[in-house]
Amino acid sequence: MRLPSHPRVVVTGAGSGLGRALCLELASRKARIVVSDHNRETAEETARLVRGRGAEAIVVACDVTKVDEVEALAKAADDAFGGTDLLCNNAGIGAGGAVGEVSIADWHKTVDVDLWGVIYGCHVFVPRMRKAGGGWVLNVASAAALLLAPRMAPYNVAKAGVLALTETLEGELAGSGVGVSVLCPTFFPTNIIRDGLYSTSGMRKFGEKMMERSKLTAEDVARLCIAGVEAGDLHIVPMRDGRWLWRLKRVSPAAYRFLNRRMAMEMSKRDGATK
Ligand code: NAI
């Protein structure tokens, strides 16, 4: 999809990390952006940065776990800009811990934000885009959806749901003029670990360490992501390690299972020491 000039964009979870970086990447293309987050203050800060780059922005507070708020978000985009060319279903939270250790409350919170938030976004915006005869939905999943690493079950399940939803939609939308992509990055530095739900300090430390190792920033991921949307890619897997592991899993499932089991054993050893 070649983005139109001054594309009309909605970004959820735009008050921090990747959401903010997507807004700024799109601001450099003079997009008209609905900057949305459940935290109005951080969304306002992003909007200030967007305007500082000469692009237009309005702020709409929206908790993506509430379908009526997502409906109001779409209506605000219609009222302000006459529709939406690109929806970025980006809002998400991190979560980690072993099955049986993660509380049921944390399972619900994770699936509510990371999966239901994206389902609501697609449910509300896709019919509008179909009616308008065009548009693009970018669903932010994670490499977790492809790799299903141990001790991240709530996050893996939610993100694999986002992947399944996106692949299903791609078929359904054939010939409609509406397209869809799913973004699957590995770790990069944002606030997701700080603000996430982790059942042990070991899991949190592991996430922080993986972030520190990242060669890409949120700005790099946002740039590669928008390039992927413009290329019409269904799967956008910006990091080399993610692409390599996803390929290994498909080419040699047994080798990948061996790696995953070994990682699980090392993590539980380390977690036991840092709990
Ligand atoms: P972040 O924590 O920096 O930003 C997440 C934003 O979502 C925050 O502004 C937060 O206020 C907002 N948010 C949380 N719950 C919300 C709700 N119920 N309604 C509306 N907004 C809500 O995290 P980051 O990393 O920028 O995350 C963005 C997306 O990228 C998420 O979907 C995450 O799963 C995904 N991702 C991040 C990776 C990373 O290593 N940072 C790796 C793979 C995927």
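Visitor: At what angle do helix 4 and helix 6 pack, and how far apart are their axes?
Guide: In this predicted model, helix 4 (residues 104-132) and helix 6 pack at about 15°, with axes 8 Å apart. Helices are DSSP runs of H or I with at least four residues, strands are runs of E with at least two, and both are numbered from the N terminus. Axes are lines fitted to C-alpha atoms, for helices over the stretch in contact, and angles run from 0 to 180 degrees between N-to-C directions.

Visitor: Which residues of helix 4 meet helix 6?
Guide: Among them are Trp107, Leu115 and Arg130, while the helix 6 side includes Tyr155, Lys159 and Glu172; contact means heavy atoms within 4.5 Å.

Visitor: Turning to the sheet, what is its strand order?
Guide: The sheet is open, with seven strands in the order 3-2-1-4-6-7-9 and parallel pairing. Two strands pair if DSSP finds at least two bridges between them.

Visitor: Which strands stand at the edges?
Guide: Strand 3 (56-61) and strand 9 (235-236) do; each has a single partner strand, so one side of each lacks a neighbour in the sheet.

Visitor: Which strands does helix 6 touch?
Guide: Helix 6 (residues 153-172) packs on the sheet and touches strand 6, strand 7 and strand 9. Its direction makes about 155° with that of strand 7.

Visitor: How many bridges join strand 6 to strand 7?
Guide: Six bridges join strand 6 (residues 135-140) to strand 7 (residues 178-183), and the two run parallel. Leucine 138 stands opposite serine 181 in strand 7.

Visitor: What conventions apply?
Guide: Residues are numbered from 1 along each chain as its sequence is written, and side-chain values use heavy atoms, leaving out hydrogens and water. Local features need pLDDT of at least 70 and side-chain atom pairs count only at pLDDT 80 or more, whereas totals for chains, interfaces and linings use all residues.
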